[in-house]
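Dear colleague,

I am handing over the structure below, and my notes on it follow. Please read them with the coordinates open beside you.

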Amino acid sequence: MSKPKIFIAMHYLEIGGAEAALIGMLHAFDYEKVDVDLFIYSHRGEFMRFIPDRVNLLPEIKEYSMIESPMHTALLNGCIGVVAGRLMAKYKFRNYFRKNHPVDGNAIYGYIGKYVVPHLPNINHTIYDLAISFLTPHNIVLDKVNAKRKVCWIHTDYSKIDTDAELELPVWKAYDNIVSISPATANAFCSIFPELRERLVEIENIAPVNLIREQAEQRNAQELSNSDFNILSIGRFSYPKNFDNIPEICSHLISITGMKNIRWYIIGFGGEETLIRKHIAEAGMEEHVIILGKRSNPYPYISKCDLYIQPSRYEGKSVTVREAQMLGKPVVITDYPTAKSQIEHMIDGVIVPMDNTGCAKGIAKVIADEKLRHSLSINTYQRDYSNRSEISKIYSLI
């Protein structure tokens with residue numbers, strides 16, 4: 001009897017929460033039970049090397065690799081249809097922007113899905129038992145993959161991002177199931193799409209604990225001095241992560257604590273790096289807030305830091321917070337809407353106010369309370385954050 005065949009689609013494997021969650025899932029599959037084809041639109045990113053050997057990585061298809069490339073690069077590669085679709089998506093989104101004045105640009109993905117996907121070739125001719133679209137736009141798996149059942153994932157707080165619900169509803173509605181990574185994420189999604197609640201299933205992010213701990217021992221994070229109090233934040237340099245406010249928070253923190261040896265390191269990349277550097281200079285925090293940029297292996301930095309902080313404006317469920325907990329770190333997160341589904345306050349982490357002053361005061365209390373930090377670390381070591389059993393829920397979708 002042949003094994004069920006699963007197809008999974010993802011943009012790329014740069015360092016990020018959704019990417020780490022995908023690696024966790026791939027390491028949890030029992031490959032005696034299922035065959036997995038993985039289609040990465042663009043074969044790039046630090047996490048590519050963590051793809052398990054038994055996963056069948058499908059070859060890159062040129063048109064898909066050009067979806068997020070500069071348009072002149074797409075033209076030079078002969079992807080005229082992709083460029084035409086992107087230009088139309090940009091035009092339609094501009095009209096939407098003028099009418100609705102959104103606070104962010106997330107709605108663009110719905111337009112990319114509608115206008116770019118028709119110009120893409122089918123991915124292959126295999127008929128899968130289950131096809132998974134792991135990140136928006138979900139039109140690709142819907143239109144370009146042949147499968148008996150199709151499911152798509154929600155990774156973010158939909159109550160906090162801009163969405164053209166009328167445009168996206170038919171896409172979500174066409175899937176057999178929609179996977180949410182937490183109850184709070186599901187409720188936020190249903191505040192925008194109440195008619196889709198019946199299709200939702202909850203599958204928490206799966207973490208490859210052994211891989212993370214092995215990687216944490218690979219090298220020493222030399223930039224972090226033992227004589228400093230080292231704070232770490234990891235994520236894309238984008239509006240949701242709120243890294244642009246770190247310099248001001250850090251300035252308040254130093255004033256409150258009187259500690260001149262606080263160093264707040266940021267690992268990641270993204271479009272807001274210039275803004276973050278501007279705010280560092282304006283706050284005079286050049287010696288205290290240090291951008292490390294991309295790191296192919298961020299885990300030694302987590303292992304060596306004194307405190308991990310996720311100062312986000314909103315999250316679905318932060319993978320890096322889970323990774324810090326798995327490495328026994330005391331964790332502080334801001335009080336974003338899904339925060340209480342992420343940690344148990346004062347047990348395996350601390351939730352602090354969102355505003356910069358309140359955030360700094362909350363962090364200062366954690367720094368001052370060494371007994372609390374030790375307790376948080378002990379509690380995280382005693383918990384199993386892997387969620388490995390969640391893989392059975394994916395099997396049940398087949």
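In these notes, buried means under 20% relative accessible area, with exposed over 50% and partly exposed in between (1.4 Å probe, protein chains only). Helices (H or I, at least four residues) and strands (E, at least two) are DSSP runs, numbered from the N terminus. This is a predicted model, in which local features need pLDDT of at least 70 and side-chain atom pairs count only at pLDDT 80 or more, whereas totals for chains, interfaces and linings use all residues. Residues are numbered from 1 along each chain as its sequence is written, and side-chain values use heavy atoms, with hydrogens and water left out.

In helix α9 (residues 209–216), the buried residues are Val209, Leu211, Ile212, Gln215 and Ala216. Seen down the axis of α9, they fall within an arc of 165° (taken from the directions from the helix axis to the C-beta atoms), so they line one face of the helix. Their cover includes α1 (17–28), α12 (299–304) and α13 (319–326), where contact means heavy atoms within 4.5 Å.

Seven strands, in the order β3-β2-β1-β5-β7-β8-β9, form an open sheet with parallel pairing, two strands being paired if DSSP finds at least two bridges between them. Because β3 (56–57) and β9 (200–202) stand at the edges with a single partner strand each, one side of each is left without a neighbour in the sheet. Strand β2 (residues 35–40) pairs with β3 over two bridges, and Leu38 has Leu57 in β3 as its bridge partner.

Leu26 touches Ile8, Tyr31, Val36, Leu38, Pro52 and Val55, leaving aside residues up to four places away in sequence.

Best regards
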